Amino acid sequence: MTTKNHRTGSVFRVDKFVVPAEARDEILSKARMTHELLRQQEGFVQDFLLEQFSGPGEFNIVTVVEWESQAAVDKVVPIVKAAHERIAFSAQETIARLGVKADIANYQRVPEV
């Protein structure tokens, strides 16, 4: 794997979900809404909303956002929180109500040797 043209300080937010079929549309709608906001923020690089279509994997919806740096991530967290509060949206409550399992973490590239 080459890191040519890759940002060395990038932070990747990876959210993986096990989404029941009946919750799919609502989860994707909320993810799209949030990603629209993220794309407007300083330090945003790129994002992906992914849906599993084959294979034995447990997680059927995965979202990935690349940020320029941890500083960019730190700046966007309160912006997203405030936006969600304005529309009375709680990701935690929605996940619990819909029976969704979530695995959420930040990642960085593994350095080449």
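This is a predicted model: local features need pLDDT of at least 70, side-chain atom pairs count only at pLDDT 80 or more; totals for chains, interfaces and linings use all residues.
Four strands form an open sheet in the order β2-β3-β1-β4, and their pairing is antiparallel. Strands β2 and β4 lie at the edges, each pairing on one side only. From one strand to the next, the twist averages 10°. Strands of a sheet pair through backbone hydrogen bonds, either parallel or antiparallel.

The pairing of β2 with β3 can be followed in detail. These two strands run antiparallel and are joined by seven bridges. Within this pair of strands, Leu 49 stands opposite Thr 63 of β3.

In soluble globular proteins, nonpolar side chains tend to be buried together. The largest nonpolar core here has eleven residues: Val 11, Leu 37, Leu 38, Phe 44, Val 65, Trp 67, Ala 72, Val 73, Val 76, Val 80 and Ala 83. Helix α2 gives the largest share, with five residues.

Ala 72 is one of the residues of this core. Leaving aside residues up to four places away in sequence, Ala 72 touches Glu 42, Gly 43 and Trp 67. There is also a second, separate core of nine residues, among them Val 19, Ala 23, Leu 98 and Val 100.

Val 65 belongs to strand β3, which covers residues 61-67. It has a relative accessible area of 3% and is therefore buried, the cut-off being under 20%. Val 65 is also a member of the largest nonpolar core.

Residues up to four places away in sequence aside, Val 65 touches Val 11, Phe 12, Arg 13, His 35, Leu 38, Phe 44, Gln 46 and Asp 47. Among these contacts, Val 11, Leu 38 and Phe 44 belong with Val 65 to the largest nonpolar core. His 35 is another contact of Val 65. These two residues are 30 residues apart in sequence, and their C-alpha atoms are 8.4 Å apart in space.

## Salt bridges

Side chains of opposite charge can pair when their charged atoms come close. Seven salt bridges are found in the whole structure. One of them joins Asp 103 and Lys 16, with 2.9 Å between the closest N and O atoms. This pair links distant parts of the chain, 87 residues apart: Asp 103 is in strand β4 (residues 101-107) and Lys 16 in strand β1 (residues 11-18). Asp 103 is partly exposed, its relative accessible area being 28%.

A network of salt bridges links Arg 24, Asp 25 and Glu 51. The side chain of Arg 24 meets that of Asp 25 at 3.0 Å, N to O. Asp 25 has a relative accessible area of 56% and is exposed, whereas Arg 24 is partly exposed at 31% relative accessibility. The side chain of Arg 24 also meets that of Glu 51, at 2.6 Å, N to O. Because Glu 51 lies in strand β2 (residues 44-51) and Arg 24 in helix α1 (residues 24-38), this pair ties together parts that are 27 residues apart in sequence. Glu 51 has 39% relative accessibility and counts as partly exposed.

Definitions and conventions: Residues are numbered from 1 along each chain as its sequence is written. Side-chain values use heavy atoms; hydrogens and water are left out. Buried means under 20% relative accessible area, exposed over 50%, partly exposed in between (1.4 Å probe, protein chains only). Contact means heavy atoms within 4.5 Å. A salt bridge is a side-chain nitrogen of Lys or Arg within 4 Å of a carboxyl oxygen of Asp or Glu. Two strands pair if DSSP finds at least two bridges between them. Axes are lines fitted to C-alpha atoms, for helices over the stretch in contact, and angles run from 0 to 180 degrees between N-to-C directions. A nonpolar core is a set of buried Ala, Val, Leu, Ile, Met, Phe, Trp, Tyr and Cys residues joined through side-chain atoms within 4.5 Å.
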